[in-house]
Amino acid sequence: MKRQLNRRHLLGAAAALAIAGVSPAFAADFVPTRPLELVVHGGPGSGNDLLARAVVAMIDQAKLSPVRIQVVNKPGGGSTNASSYLLSKKGDPNTLGIFTSVWIIDPLLQEAATTRLNDLTPVARLIFEPALVTVRADSPFQSLGDFIAAAKAKPDQLKQSGGNASSRENILRQQLMGATGTSWAFVSFPSGGERLSALLGGHVDIMILDPSEATELIRGGKIRVLAQIGEKRLPAFKDVPTLAEAGFNVETFAQTRGILGPPDMAPEVVAYYDKLVAKLVALPAWQKYVEENHFISAPLSSAETRKFVVDYEDQIRDLLKQAGMKVVR
Amino acid sequence: MLRYLRDPNILFGSGLSVLGLYIVQQSLGWVVYERDGPGPGFFPLIYGGAMLFFALWLTLKALRAGGVAAPRPEDELNASGRWEAIATLVALAASVPLMWAFGFIPGFGLVLFFIIRVVFARPTLNAAIVATCIAGALYLGFAELLQSPLPASAIWGF
Amino acid sequence: MEALNGLLHGFGIAMLPTNIFWCFVGCFLGTVIGILPGLGPAATISLLLPLTYTMDPTGGIIMLAGIYYGAKYGGSTTSILLNMPGEASSVVSCIDGYQMARNGRAGAALGIAAIASFVAGTVGLLLMTFVAPPIANFALSFSSPEYFALMVMGLSLVVLLSGKSMIKSVLSLVFGLWLATIGTDLFTAQARFVFGHSELLGGIEFMTVAIGIFAIAEILLNIEAKEKSELLTVPKGLRNLLPSWAELKACRFAFLNGSVTGFIIGLLPGAGATVASFVSYGIEKAVSKHPERFGQGAPEGLAAPEGANNADTGGALLPLLTFGIPSGSSTAVLLSALILWGVKPGPLMMTESPDVFWGLVASLYIGNVVLLVMNLPLVGVFAQILRVPLYILHPAILGVAVAGAYGAAGNLFDISLLLIFGFIGFLLPKGGFPSAPLILGFVLGQPMERAIRQSLAMSVGDPIILVDRPISAVLLVIALLILVSPLWRRFRHMRAAATA
């Protein structure tokens, strides 16, 4: 009898141990069972759209996700349409989005953009991204100095194409206009393709873009790079001066991109995506992708990203104020 | 008064005038024009104004014509058909909460059963079979074959 | 000659049995999803993208492109038979296609749609292959002011879509413009006309409006009219199912019009196939000797938009392959697929990846033949759908519409919207309002607002920019001609009456 009891105890203890040992690995673990949505705030062909589709392709190819991931374009109001969409998916573990600096800047500049990045769930920072100042290949401007001089001679006659008013390209424009006492027009195009068409067709004179958007057009001799925005020259553009080297002392900020989720994402869900991102950025395909597109890989975990967003927001708020833009938050 | 209320031009015209006025009033509350170009109020102000103008024109023209003296005979003939059309629409509207509660097949199947049984006046058994088959076929086609999501029940989750 | 050599090289690749097989698979899948509303080509292509990772890039892109243009082919089937557009670009085909079916010419309508798609699709490809370089530069000469003029031209078509009363057409059009502006403003964070519903922030799905206004309303109107026994007659015998010689002859100009209009508008990344089909329909009616037959089941009123919607493919692929600029979500997924395989669309693609480039182009020719061969024999099968008793057919259509609306948006709110639009479509004829202008306004609203705001930003507020550029000036003159064309017609009538 005693032996039996003992045995039962032992069995019970073993079972309890097994449950205790297993539960963190299985019971509480989240694994998606429905297709994931990856929300992008740009139209087809914009920098985010390309990044999102590349990320999906790399995840698919390496079979990192048990379910399909589908890119969903929610252009409109800069990032606001996409962020309100995420806001409406509160707690949903199957929806993710790609954020960029615009998601942080929109609420700073616009009263109506009420959703701040940390109101949602930052999942990971992925990259920093340099930018290029470009013109059409047959443009008369050989340097950024030429362009600024022309803008001085003919105020409001030259045009720049870009994203919305909170985009990095518009803030750089405001900074440059403020620093040089010039002014030129800014035409906003929600999709990257239209921005580029406007430059290629000669409808605008200058465009600040991400290298990933235009590598082929630069190689094909359709557009020319005047300057690059970043601390030091990119290996692929060794002959192109940075803004400072071109003689413009404008304090720039690095565009960042990352992944986020809707508000109130459960901790185990965040943990799952943290792991997914860690696997993603360890892929050789990721390294190759980052290199080809001249990005700087800068992965951060969810908790670190949340802290980063706070610092980043402060930094940009100062820059916006210096550029004379009206900051509402 | 009734002669005016019977005139669709007056009903539609005054309804659209109110909508046009609302659009104009809303768009004036947004930025219409600023330094970097037109704002969100610019375009609605233009078409809202156009709506107001044409809707008022339509209304006034119909008022001057004196409305409709007697109900048109074709309206009388259609009265029962009209109720059936409205019943169909109401049943479809009821499908939204039904699908929310019971999922696609039971929720929408029930609505189809009602439409086939009442509006198309089929025998009960026949209507039940057809409704089930349609709901089932749609479920198979959309949710299973094409992986296009269908409403899932808030109670039992599928 | 370079193009001819390239094309021959491409046929050598596309004619490989495996590539023909993938082309067939893509076209077949495209036709199927084109028939069903709610499931678009973009979603299907991204769904199948992972399957193609292990394939050879040429075979993969041939299949994915097949889905893209096959969907446009299939979209017209339900437009004609059930007044339910299967794809956004098939909306215009409802107008005369469904009337043809009601007149007992369902088979003929399906046949004309297939032939128009084939002819215009092929002409679009020929234009793409042989005049590509100058045409690609022409596409770049379009910017916001030109788009604005194009949209004004589109809006002016309202006079051709109108019924008895011009005021009512204009009101219907303006109502469509209003629907198009519901949601978050494209440039700022301002939410417009959302009435506190966060589901409306992203705007209203085009398919929700189109299916509500056309398909749901049509069923409600049929129920109201007590047409319960049999709605449409289907003639017996294959001969009576195919278009007659007279019908085909009436479409001669429509084939040409659809091809050229569709190709040119397809080139412009900011326009799209739906705009192309509306414009070609308008042109067709404007030049017709019998404009009164449009909307009553005129074969050329079906052939022109259906052709334009397929010629658009050749146009849309040009900026994609030569500049890497996608014009819509389907082409954006194709772009990312190409990049994934290491093929870089851009000015150098033709020389660096000739196999993929010319193989794809040649496969488009083959795909057009495949679609024609696949669709013509199916005409008889599809036409039989109309023999289904109405108490089965109508509930089934309602079901497809509801499932499609839910699939496109993923929430129940869109089903309510669908029903609201069904009710609006049911009310419109009661007040004598045509529904086509409403759809036109909805299609053109967003691109038009965007274009005028960008134009005025470009010129720092000077409206002269809208008229002083040559292309926009020409388009505005065309718009003016369209606007006065009913007056001109009346004037000619009066003169004819006076001399008689």
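**Exercise 1. Two helices around H3 of chain C**

H3(C) and H17(C) are roughly parallel to each other, because their axes cross at an angle under 35 degrees. Everything here comes from a predicted model. Task: work out which residues of H3(C) meet H17(C), and which residues of H17(C) they meet.

*Solution.* 

Step 1. Start with the geometry. The axes of H3(C) and helix H17 (residues 329-340) of chain C cross at roughly 20° and come within 8 Å. The crossing of this pair, H3(C) and H17(C), is left-handed.

Step 2. Now list the residues. H3(C) brings Pro41(C), Ala42(C), Ile45(C) and Ser46(C). On the H17(C) side you'll find Ser329(C), Ser330(C), Val333(C) and Leu334(C).

Step 3. Sort them by class. The contact of H3(C) with H17(C) holds five nonpolar and three polar residues, and no charged ones.

**Exercise 2. Parallel or antiparallel?**

Task: decide whether H3(C) runs roughly parallel or roughly antiparallel to H4(C).

*Solution.* 

Step 1. Get the angle. Helix H3 (residues 41-48) of chain C packs against helix H4 (residues 57-82) of chain C at about 160°, and the axes are 9 Å apart.

Step 2. Apply the cut-off. Angles over 145 degrees count as roughly antiparallel, so H3(C) is roughly antiparallel to H4(C).

Step 3. Look at who touches whom. From H3(C) come Pro41(C), Thr44(C), Ile45(C) and Leu48(C). H4(C) answers with Leu64(C), Ile67(C), Tyr68(C) and Ala71(C). Seven residues of the contact of H3(C) with H4(C) are nonpolar, one is polar and none is charged.

**Exercise 3. Spread out or compact: chains B and C**

Task: say why chain B is described as more spread out than a compact globule, then do the check for chain C.

*Solution.* 

Step 1. For 158 residues the rule gives 15 Å, but the radius of gyration of chain B is 24 Å, well over that, so chain B is more spread out than a compact globule. Its C-alpha trace spans about 55 × 55 × 25 Å along the principal axes.

Step 2. Check the domains of chain B. They are domain 1 (2-70) and domain 2 (79-145), and their centres are separated by 37 Å.

Step 3. Turn to chain C, with 23 helices and two strands. Its radius of gyration is 22 Å, close to the 23 Å from the globule rule for 500 residues, so chain C is as compact as a globular protein of that length. Along the principal axes, its C-alpha atoms fill a box of roughly 60 × 60 × 60 Å.

**Exercise 4. What touches chain C?**

Task: for chain B and then chain A, find which element gives the most residues to the side that touches chain C.

*Solution.* 

Step 1. Chain B puts 52 residues in contact with 49 residues of chain C. Elements giving two or more residues include helix H2 (8-28), helix H3 (42-65) and helix H5 (79-102) of chain B. H5(B) gives the most, with 11 residues.

Step 2. By class, the side of chain B that touches chain C has 39 nonpolar, nine polar and four charged residues.

Step 3. For chain A, the contact takes 49 residues from chain A and 42 residues from chain C. Among the elements that supply at least two residues are helix H2 (47-61), strand S2 (69-73) and helix H8 (211-219) of chain A. The largest share, seven residues, comes from H2(A).

Step 4. The side of chain A that touches chain C has 18 nonpolar, 19 polar and 12 charged residues.

**Exercise 5. The domains of chain A**

*Solution.* 

Step 1. Domain 1 of chain A covers 36-128 + 254-322, and domain 2 covers 131-237. Their centres lie 25 Å apart over C-alpha atoms.

Step 2. Count. Domain 1 of chain A gives 18 residues and domain 2 of chain A gives 18 residues.

Step 3. Find the elements on the domain 1 side. H2 and helix H4 (101-109) of chain A each supply at least two residues, and H4(A) has the largest share, five residues.

Step 4. Class the domain 1 side: seven nonpolar, 10 polar and one charged.

Conventions: Residues are numbered from 1 along each chain as its sequence is written. Chains are lettered from A and ligands numbered from 1 in the order in which they are written. This is a predicted model: local features need pLDDT of at least 70, side-chain atom pairs count only at pLDDT 80 or more; totals for chains, interfaces and linings use all residues. Domain bounds come from an automatic or database domain assignment. Two residues are in contact if their C-beta atoms, placed from the backbone, lie within 7 Å. Helices (H or I, at least four residues) and strands (E, at least two) are DSSP runs, numbered from the N terminus. Ala, Val, Leu, Ile, Met, Phe, Trp, Tyr, Cys and Pro count as nonpolar, Asp, Glu, Lys and Arg as charged, and the others, Gly among them, as polar. Axes are lines fitted to C-alpha atoms, for helices over the stretch in contact, and angles run from 0 to 180 degrees between N-to-C directions. Angles under 35 degrees count as roughly parallel, over 145 as roughly antiparallel, 65 to 115 as roughly perpendicular and the rest as oblique. The radius of gyration is taken over C-alpha atoms; the globule rule is 2.2 Å times the number of residues to the power 0.38. A crossing is left-handed if the near helix is turned anticlockwise from the far one by less than a right angle, and right-handed if clockwise.
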